[in-house]
Amino acid sequence: MEKQEIEIAIGPDGKIEYTITGVRGPACDSISALLEQLGHVEQSERTADWYVPDAESTLNIQQNQ
């Protein structure tokens, strides 16, 4: 399992910036939602990890003919 980390920086003006690494897909959104309760969100950006499917997730599509 890849190491999961949250890096949090608090600037002198009180602004908080955070980066979540090692969490793939929408699971990152639930962590972000918790952190965003700290105040108003000015900007949000998804990293490449968000677009990588979780290794434990599978998707099966069958075409009916």
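**A tour from surface to pocket**

Show the surface first: the accessible area of the protein is about 6000 Å², and 49% of that belongs to carbon and sulfur atoms (Shrake-Rupley method, 1.4 Å probe). This is a predicted model, where local features need pLDDT of at least 70, side-chain atom pairs count only at pLDDT 80 or more, and totals for chains, interfaces and linings use all residues. Residues are numbered from 1 along each chain as its sequence is written, and side-chain values use heavy atoms, with hydrogens and water left out.

Next, select Ser-32, in helix 1. Is Ser-32 buried or exposed? Ser-32 is buried, at 13% relative accessible area (buried is under 20%, with a 1.4 Å probe and protein chains only). Of the protein's 65 residues, 12% count as buried.

Ser-32 is in contact with both, leaving aside its neighbours within four places in sequence (contact: heavy atoms within 4.5 Å).

Finally, select 16-21 and 27-35. Strand 2 and helix 1 each supply at least two residues of the lining of the largest pocket. A pocket is an open set of points on a 1 Å grid over the protein atoms alone, where a 1.4 Å probe fits, with protein on both sides within 12 Å along at least five of seven lines; lining residues have an atom within 4 Å of a point. Here 27 residues form the lining, with Ile-16, Glu-17, Tyr-18, Gln-43 and Ser-44 nearest the centre.

Definitions and conventions: Helices (H or I, at least four residues) and strands (E, at least two) are DSSP runs, numbered from the N terminus. Buried means under 20% relative accessible area, exposed over 50%, partly exposed in between (1.4 Å probe, protein chains only).
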